[in-house]
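Here is a friendly walk through one structure, written for a reader who likes to think in atoms and areas. Take a look at it first, and then read on.

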Amino acid sequence: MAFLPRQALRPSHFLRLRQVVHRRVFNVRYLSGSAPLGNSNAESKVGKDQGTEATSKTTHFGFKDVPEYEKEELVREVFSSVAKSYDVMNDVMSFGVHRLWKDHFVAKLDPGRRPGGEPLSILDVAGGTGDIAFRMLDWASDIHNDHQSKVLVVDINDDMLKEGHKRSLTTRYADGSRIEFKVQNAEFLDAVPDNSQDLYTVAFGIRNFTNIPAALRAAHRILKPGGVFACLEFSKVNVGILDMIYQQYSFNIIPLMGQLVAADRDSYQYLVESIARFPSQKEFAGMIKDAGFEISGDGYEDLTFGVAAIHTGVKV
Amino acid sequence: MYLTSATIFVHNFKMPSTEFSVIVRRMPAHLSKFCRLRRRSYHSYDHLPYNPYTPSQEKMLSSALKHVPEYGFVKQSLVQGCRDAGYLDTTHAVFQDGVFDLVKFHLYTERNKLAALKPQIDEEEGKSIGKRIRRYCTERLKANEPIISKWTEAIAIMGLPQNIPQSLEELAKLSDEIWFLVDEKTSDFDWYTKRASLAAVYSSTELYMTQDNSPRFEKTYQFLDRRLAVVQNAGSSISNMASWASFTCFASINLLQSQFSRG
């Protein structure tokens, strides 16, 4: 069935996302002939050449099933559309608690060069807007008087990185000597050499990865022996009644808030669906162990009754 | 609840569960098939030893403990320990409870060392339960001596609200370990009162030890003797009290029942 592009009176990002999802999920030809949307990495080109009738592996995009090579681009689209209002979105969704979570995450990792030690090399994955990166640099500078440790921020989405770079210009790291932004696919991390990083962090990004075990293996590769893998992510609420309330809030209120605040209901719908699809704390700790990391105790810490969780592992 | 990783004692002393299997074997055949008694494996020596620490974590934490006399129970000791073990300065972030993990490691390793002393203590102190308990307590307190100057920091860390459940569990495990190693075989409510009283004695003595400046901690061991004496006296008086109370209670109930049944 042909799908004719509508003349949009609504914000273009909203409509473009619907078109993209409709076209890709239902294998429909796009008559107007506009170019594929978003940036393309070499890896995703291979998948596209196979054409829409290829019977490749499928993965989940929220509650929909999509071919694997499509997911990367769909995720990129989601974050392109939310990049500018990312902080507002987070504040509205979590009532500002995400700031506490991120502060606790950085306090727990306690990055910073110690007396008699070397400056740290930190990799922040899917950290486009630089939330965690700036917090870590501030912590290292203020608490440990470390003005040499560096953070490399990578993300699959160039818009998010541009947003992060823009924000860095208003901080004390504007000269770019301590923070760097690069477009990378977390499953490969081509530009990062083996055994080179002290700390790998990913905050609220890993649930969007197409192939989480591959990303964990890539993390294992680039960390030095003794390097720490740390992941802050939404997880399963461990108290039954609170879980019911949380599910109601997630699926009923958050997409509505997205529509009101950012005029982008679909992206927020995807976000809450991706949270629901992410494995539980124990399962994810198992995946981290399978990738070759060693965990201590359970390997995770629940935040706010399990709404978010911090998983840590060490490469030995 | 006999949580110990000393499976070497499987062969060294009689397991209470063998009495069960003896009972089952001696039952008449037409009854034993209805009785599902078989040897239960709820004693820890029936299971493989469980070590919650991986070898690399043990290496990091034991080298961190060596730095405690200098820096105390702070992150710095943990970081130095990770460095000495050949890892990075960031590796301390893997410990979920931070410095409390270091305290727990000390408690865990020192508790597990008590089992190895059993043959020696049994030989030296004979059958006396009181004397053997005193020996185990003194050996455990001696293990605190290298870090006693910083032990108040550890007690403060253990007293934090998020750490209290685990600290109490460690104390209970220590008390349980000592009673288990003296082969006590109570199976009534005394099982709980014995462990509770020993936990109270041990924790108060440990607290006293942090303030003790006497040579070789003599005053601490005298304090321990006084506490154990009080418990032994109180133990018999409490059980006498319990016997009196239960007798009075049942006698009164029987009396009332006989009054009502008179009609």
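This is a predicted model: local features need pLDDT of at least 70, side-chain atom pairs count only at pLDDT 80 or more; totals for chains, interfaces and linings use all residues.

Chain A holds 11 helices and 10 strands. Of its 316 residues, 53% are buried. Among the contacts in chain A with a separation of 6 or more, 74% join residues 24 or more positions apart. The chain exposes about 14,200 Å², and carbon and sulfur atoms supply 56% of that area.

Which residues of helix 11 of chain A are buried? Helix 11 spans residues 281-290, and its buried members are Gln281(A), Phe284(A), Ala285(A) and Ile288(A). These residues sit on the same side of helix 11 of chain A because they cover an arc of only 105 degrees around the axis. Lys282(A), Glu283(A) and Asp290(A) are exposed on the other side of this helix. Just after helix 11 of chain A comes Gly292(A), with a positive phi of about 110 degrees.

Helix 8 of chain A covers 212-222 and is one of the elements that the buried residues of helix 11 pack against. The buried residues of helix 8 are Ile212(A), Ala214(A), Ala215(A), Leu216(A), Ala218(A), Ala219(A) and Ile222(A). The table sets out the packing partners of both helices.

| Helix of chain A | Its buried residues pack against, in chain A |
|---|---|
| Helix 11 (281-290) | helix 8 (212-222), strand 7 (223-234), strand 8 (293-294), strand 9 (300-303), strand 10 (308-315) |
| Helix 8 (212-222) | strand 3 (121-125), strand 6 (197-203), strand 7, helix 11, strand 8 |

**A nonpolar patch**

On the surface, Val239(A), Ile241(A), Leu242(A), Met244(A), Ile245(A) and Phe305(A) form a nonpolar patch. Together they have about 600 Å² of accessible area. One of them, Leu242(A), lies in helix 9 of chain A, which runs over residues 240-262. Is Leu242(A) buried or partly exposed? Leu242(A) is partly exposed, because its relative accessible area is 33%, between the 20% and 50% cut-offs.

**Cysteines**

How many disulfides are there over all chains? The count is 0, taking a disulfide as a pair of cysteine sulfur atoms within 2.5 Å. In chain B, Cys82(B) counts as buried because its relative accessibility is 0%. Cys137(B) is also buried, with a relative accessibility of 0%.

Definitions and conventions
Residues are numbered from 1 along each chain as its sequence is written. Chains are lettered from A and ligands numbered from 1 in the order in which they are written. Side-chain values use heavy atoms; hydrogens and water are left out. Buried means under 20% relative accessible area, exposed over 50%, partly exposed in between (1.4 Å probe, protein chains only). Patches are made of residues with over 30% relative accessible area and no salt bridge: like charges are joined within 9 Å, nonpolar side chains (Val, Leu, Ile, Met, Phe, Trp, Tyr) within 5 Å. Accessible areas come from the Shrake-Rupley method with a 1.4 Å probe; for residues, only the protein chains shown count as cover. A salt bridge is a side-chain nitrogen of Lys or Arg within 4 Å of a carboxyl oxygen of Asp or Glu. Helices (H or I, at least four residues) and strands (E, at least two) are DSSP runs, numbered from the N terminus. The arc is that of the directions from the helix axis to the C-beta atoms. Contact means heavy atoms within 4.5 Å.
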